[in-house]
Amino acid sequence: SEMPVSEKFSDRFVDIGGPNQESRSPSWVPRLLLGHRFRFSCWSRAEEVDKPKSRLGKDAPLGSCLGGVPIPCKDLQSALQTFERCGVTAVKVATAGNGVKSHVQLWASACELVRALLLGVGTHLPDLQPEIDLREHSPDAPGVESVSLALNFGSRVVVGEVATPSRCCFEVRLSGIVRFALERPSPSAGDSQLKLTLRVHGVDLPALQDGIELRKRLQVELGSEAGGFCKQEVFDWWMQHKDTAYPLETSKFHRLYESLFGQRGMQLLPKTINHDSLWGFLHNPGCTIQSFTFHSDSRDRTTLTAERSPAKSDEEAELLKTCRQVAQDILKDNRAAGERFAASATNFAALLYGHEIGQAGAKAAVIVKLFSAAKWWGPGTDGWGRFDQTWGCKDKRNAFGVVVEEQGRILWRLESKDDCRRKTEAARLAGKSCASVASKVPNRHGLLCCRRRSAQDALLAG
């Protein structure tokens, strides 16, 4: 009698075990009721089932705002298996036999990505035991979630360092509630239009901190006008000062650059690629993934696109505009070369921007490998690899260069005080340290002109 009107009811039949099945019956069932069938009116809040909340509190109790019917599971491995099995059932029901085989293949690729990401964390951090919540959702309308899997990391932040040889200038951060949910597919007219969407929450890909600091610094030193802070000027400054201002021992950004342009094959490509790549690395705004969409073409190949969250500020919007333009230009002109010399970075660009220029998205297998945990790692013996523990995150090859064993590209760890300190320090250096660092590192333009000094004073004052 106290239930709100917004709650809906549905009938359920429950068979309570017979006299010989007492052990299977709930402890609260009286003995005299065993062996009978009862009809119950079960209720659930319509807003929680039909419209799962997309904004989840970081420390909210898992299940308090997710909706759907919880499914018990003993561990993450069994949860992933049930997650995949429930998704297969939901896909078959939703597609009504139209392209069901291809949809199931897409769902298998989606589960492979989720499995690689979540099991990888458990492999590197076995003592980390996040709360697991698996739920099945009942709405029949297309576009609504069918099954979801969520992990609650609480106040702990899990950081994934992407292997430097992947040439991706971001890290992976999992915090609070990390959730994946299958969006119920719609029957398609043909196989060429098949796609399947996986909603995502709690997966952030922030830019490297020293890359952010470098961009802020050059904006001050070179000036914000078009003739100062531009591709050519930035590249010239970088080539002159990178070893002293950002030594390989301490700068992940510098090691990433050397891992890409230190290759012999890259030296044969036009210099404009160096300029464009450095410019794009500097303008990486980072991103928060909202969804992955898996596509199947007429050749039964699986590609992948992603939707990122909107920019949170005007500055981030400008960075995103520049980064998108650079990525699209590289995909248009040099995607084949990029697939050869920087497969992970090129496919990540295609993941976000390929569909916007009429190209296919990323290869699903490459993205799965990018987000998988590494099996072996360690520093190299010369060059930038001496200072990088991810140098060894490579596939094993035989004497003929053929891959004999693949592995992932991420090293997982819990966020430490050093990580927090570097974030705080990078934010501070983005403003205050530009003046002090500029006085220590020779400026190839000599003294700052009045306009550039005014820009520097304005930034420091802010």
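Leaving aside its neighbours within four places in sequence, which residues is arginine 409 in contact with? Here are some notes on this predicted model, starting with that residue.

1. **Arginine 409.** The answer to the opening question is a list of twelve names: Glu161, Val162, Ala163, Ser166, Lys369, Leu370, Ser372, Ala373, Ala374, Cys393, Lys394 and Asp395. Arginine 409 belongs to the loop that runs between strand 12 (403-405) and strand 13 (410-414). Its relative accessibility is 12%, so arginine 409 counts as buried. One of its contacts, cysteine 393, is buried too, at 1% relative accessibility.

2. **Arginine 167.** Arginine 167 has a phi near 60°, which is a positive value in a residue other than glycine. Its place is the loop between strand 5 and strand 6. With a relative accessible area of 13%, arginine 167 is buried.

3. **The chain as a whole.** The chain has 462 residues, and buried ones make up 49% of them. Its secondary structure comes to 12 helices and 13 strands. Among the contacts with a separation of 6 or more, 68% are between residues 24 or more positions apart. The accessible surface comes to about 23500 Å², and carbon and sulfur atoms account for 52% of that.

4. **The largest nonpolar core.** This core has 64 residues, and the members that touch the most others are Trp107, Phe180 and Trp412. Helix 3 (residues 100-124) gives the most to this core, with 10 residues. Apart from this core lies another, of 25 residues, with Leu214, Tyr257, Phe281 and Phe341 among them.

5. **Tryptophan 412.** Beyond its neighbours within four places in sequence, tryptophan 412 is in contact with Leu117, Gly120, Val121, His124, Leu125, Val158, Val159, Gly160, Val172, Leu174 and Ala373. Ala373 is also in the contact list of arginine 409.

6. **Helix 6.** Nine of the 10 residues in helix 6 (residues 252-261) are buried, so the rest of the structure largely encloses this helix. The buried ones are Lys252, Phe253, His254, Arg255, Leu256, Tyr257, Ser259, Leu260 and Phe261. Their cover includes strand 5 (145-162), helix 4 (209-221), helix 5 (231-245), helix 7 (271-282) and helix 8 (314-341).

7. **Aromatic pairs.** There are eight aromatic pairs in the structure. In one of them, tryptophan 238 and tyrosine 246 are tilted, with 6.2 Å centre to centre and 40° between the planes. Tryptophan 238 and tyrosine 246 are both buried. Tyrosine 257 and phenylalanine 261 form another tilted pair, at 4.7 Å centre to centre and 40° between the planes. Both of these residues lie in helix 6, four residues apart, which is about one turn of the helix. Tyrosine 257 and phenylalanine 261 are buried as well.

8. **The aromatic cluster.** The residues of those two pairs turn up again in one aromatic cluster, formed by Trp238, Tyr246, Phe253, Tyr257, Phe261 and Phe281. Tyr257 and Phe281 are also among the members of the 25-residue core.

9. **A charge over a ring.** Lysine 396 places its charged end over the ring of tryptophan 376, 4.6 Å from the ring centre.

10. **Cysteines.** How many disulfides does the structure hold? The count is zero. For cysteine 323, the closest cysteine sulfur is that of cysteine 169, and the 7.1 Å between them is too far for a bond. Cysteine 323 counts as buried, at 12% relative accessibility.

11. **Serine 186.** This residue sits in the loop between strand 6 (172-183) and strand 7 (195-205). Serine 186 and threonine 95 are 91 residues apart along the chain, and their C-alpha atoms are separated by 6.1 Å.

Note on methods
Residues are numbered from 1 along each chain as its sequence is written. This is a predicted model: local features need pLDDT of at least 70, side-chain atom pairs count only at pLDDT 80 or more; totals for chains, interfaces and linings use all residues. Side-chain values use heavy atoms; hydrogens and water are left out. A disulfide is a pair of cysteine sulfur atoms within 2.5 Å. Buried means under 20% relative accessible area, exposed over 50%, partly exposed in between (1.4 Å probe, protein chains only). Helices (H or I, at least four residues) and strands (E, at least two) are DSSP runs, numbered from the N terminus. Contact means heavy atoms within 4.5 Å. A nonpolar core is a set of buried Ala, Val, Leu, Ile, Met, Phe, Trp, Tyr and Cys residues joined through side-chain atoms within 4.5 Å. Rings of Phe, Tyr and Trp (its six-membered ring) pair if their centres lie within 6.5 Å; planes under 30 degrees apart count as stacked, over 60 as edge-to-face and the rest as tilted. A charge sits over a ring if NZ of Lys or CZ of Arg is within 6 Å of the ring centre and within 35 degrees of the ring normal. Accessible areas come from the Shrake-Rupley method with a 1.4 Å probe; for residues, only the protein chains shown count as cover.
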